Amino acid sequence: QGLIINAEKAIPIFQRYLDRVPTDQNTAVHYAFVLFWADKRTEAKNLAENLLLRDGLGSLALYNLGCLFDEFEEPQRYIELLRKAIEKGYREIEQTRNYKFTTKNSECEKELREIVAALEATVVEEGTRKEESEAIV
């Protein structure tokens, strides 16, 4: 109950900010979460869907939208958006490794483990390349 009350209080603050800075995609994603927590699920989902139509969403925005879609009981969209986020440079290993699905789905949990393993390998490889390039300089 307290979460709903506080989220409702936050709505006009987010609206005012986004009226001034409509291009702030991360705040818009957080606003979608606030709408969700305020039990305005239809508005939250519509905003999330509209955000996905924007060009140039950053990796963190994509990841967070995936988390929101899991809250909407669409864990496969979390997986889809996580993959897109990684393609755009998302590298938050611990956050991803510790993710717990809201919607229990064994197939998505298996895919997540595979993605985490691949992401760990990517981070190691990128770190090695960076060390090698710094050693050359």
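Author: Of the 137 residues of the protein, 39% count as buried, that is, under 20% relative accessible area with a 1.4 Å probe and protein chains only. The model is a predicted one, in which local features need pLDDT of at least 70 and side-chain atom pairs count only at pLDDT 80 or more, while totals for chains, interfaces and linings use all residues. Residues are numbered from 1 along each chain as its sequence is written, and side-chain values use heavy atoms, with hydrogens and water left out.

The protein has 7 helices and 0 strands; these are DSSP runs numbered from the N terminus, with helices being H or I of at least four residues and strands E of at least two. The largest nonpolar core has 42 residues. Such a core is a set of buried Ala, Val, Leu, Ile, Met, Phe, Trp, Tyr and Cys residues joined through side-chain atoms within 4.5 Å. At least two of its residues come from each of α1 (2-20), α2 (25-37), α3 (41-52), α4 (59-71), α5 (75-87) and α7 (106-136). The most is given by α2, with 8 residues.

Within this core, Tyr63, Tyr78, Leu82 and Leu112 are the residues with the most contacts, a contact meaning heavy atoms within 4.5 Å. Leaving aside neighbours within four places in sequence, Tyr63 is in contact with Tyr78, Leu82, Ala85, Tyr90, Gln95, Thr96 and Tyr99. Across the protein, among contacts between residues at least 6 apart in sequence, 58% join residues at least 24 apart.

How values were computed
Buried < 20%, exposed > 50% of the residue type's maximum accessible area, 1.4 Å probe, protein only.
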